[in-house]
Amino acid sequence: MSGSVLFDAPGPNAIRRSRILSIVFAVVAVVALALAAYQLWLGGAFYQDRWDIFQDPQLWFGARGLMVGLGTTLSIAAIAAVGAMILGVVFSIMRNAASAWVRVPTTIVLEFFRGMPVLLMMLFILIVFSTGAYWAVVWALIVYNGAIIGEALRAGMKSLPKGQRESGLAIGLTPLRTTLEIELPQALRIMLPIILAQLIVLLKDTSLGYIVGSPEIIRIGRQLVDFYDRQGGPYALSMFFVMLAIFLAINLSLSALVRLLAKRMQRPRRGGPNLDGTATTAIPVSTQALREINDPQADVTRLPGAGMGSGGGG
């Protein structure tokens with residue numbers, strides 16, 4: 001019997017075809033990369049005089065060097081990531097509000113922000129609010145990614161069992177406190193890999209600041225190319241490869257962190273001891289059960305692990 005309800009496990013012939021196709025595509029990819037490298041070599045991309053500018057410390061650490069641009073890029077991403085997380089939490093709470101007067105307008109605003117191109121939002125903020133290029137990029141990334149993170153958190157809260165919310169309301173928590181103290185932390189844990197992946201997209205979207213004049217690494221790199229080209233030699237392709245390597249190093253590192261966190265999230269959580277002192281690896285006792293155990297009339301034997309550690313009963 002197949003172990004999946006969606007598709008049957010592949011047989012020997014399907015596995016063999018899959019391996020053959022994988023080998024064919026791998027060979028095609030290697031040949032394509034080799035041809036591209038050969039064309040770059042013919043164009044002189046690997047000549048030493050195309051890379052000599054990277055030996056100049058001023059290119060890296062000068063007042064308008066690549067490290068300054070990288071610092072601007074990372075600062076934009078850091079500020080926007082924190083702001084987007086905060087705004088996403090606010091959006092998710094308002095999106096799940098019981099009152100239609102709050103929920104419906106929030107839904108309209110979210111759909112508007114999610115459907116608006118990030119670059120257009122940067123230009124709108126820059127022109128209308130005159131914030132300057134740096135803060136136009138920051139605010140546009142906060143609003144756009146906040147809307148996406150808010151929808152992710154809302155989906156995470158909707159995926160929780162209804163008993164989670166009911167247990168919070170049953171012990172006297174307000175709907176807002178139930179959301180903040182019970183639903184939101186669990187939704188954040190569930191959706192954390194998706195949220196982190198969106199923050200990686202946020203980092204890449206900082207490069208759009210080049211269009212509006214933000215002094216991030218792409219714009220600094222372009223200015224350096226123009227400066228060194230006037231001193232002799234085309235350096236655009238060399239600078240492209242260097243900036244590509246920088247972005248790949250950062251994004252691949254963050255992607256590895258996301259995969260690591262996703263694996264950790266899939267591991268079963270270890271709970272503390274049960275209320276009767278016995279050890280457990282299950283999820284901790286529910287809020288409703290805790291409420292009952294505080295009552296002298298509560299039936300302790302209904303709790304997980306109850307009675308397992310006793311030597312005998314009357």
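These legends accompany close-up views of a predicted model.

**View 1. The second largest pocket and the residues around its centre.** Let's start with an open space in the model, the second largest pocket, whose volume is about 340 Å³. Its lining is made up of 14 residues. Nearest the centre of this pocket you will find Asn96, Lys158, Arg165, Thr179 and Glu183.

**View 2. Helices that line the second largest pocket.** At least two lining residues come from each of α6 (133-158), α7 (162-170) and α8 (175-205). The largest share belongs to α8, which provides 4 residues. By residue type, the lining of this pocket holds 8 nonpolar, 2 polar and 4 charged residues.

**View 3. The largest nonpolar core.** Here we turn to a set of 34 residues, in which Met121, Met122, Val137, Leu141, Ile149, Leu199 and Leu202 have the most contacts inside the core. Two or more residues of this core come from each of α3 (66-95), α5 (118-129), α6 and α8. The biggest contributor is α6, with 13 residues. In soluble globular proteins, nonpolar side chains tend to be buried together.

**View 4. The surroundings of Met122.** With neighbours within four places in sequence set aside, Met122 is in contact with Ala136, Val137, Ala140 and Leu141, and also with Asp205, Leu208, Gly209 and Val212.

**View 5. A second, separate core.** To finish the tour, this view shows a core of 16 residues, with Ile53, Val225, Tyr235 and Met239 among them.

Methods:
Residues numbered from 1 in each chain as written. Predicted model: local features only at pLDDT ≥ 70, side-chain atom pairs only at ≥ 80, totals over all residues. Heavy atoms only, no water. 1 Å grid on protein atoms, 1.4 Å probe; cavity = no way out; pocket = protein on both sides within 12 Å on 5 of 7 lines; lining within 4 Å. Points joined across faces, edges and corners; volume = space filled by probe spheres on them. Nonpolar A, V, L, I, M, F, W, Y, C, P; charged D, E, K, R; others polar. Core = buried A, V, L, I, M, F, W, Y, C linked by side-chain atoms within 4.5 Å. Buried < 20%, exposed > 50% of the residue type's maximum accessible area, 1.4 Å probe, protein only. Contact = heavy atoms within 4.5 Å.
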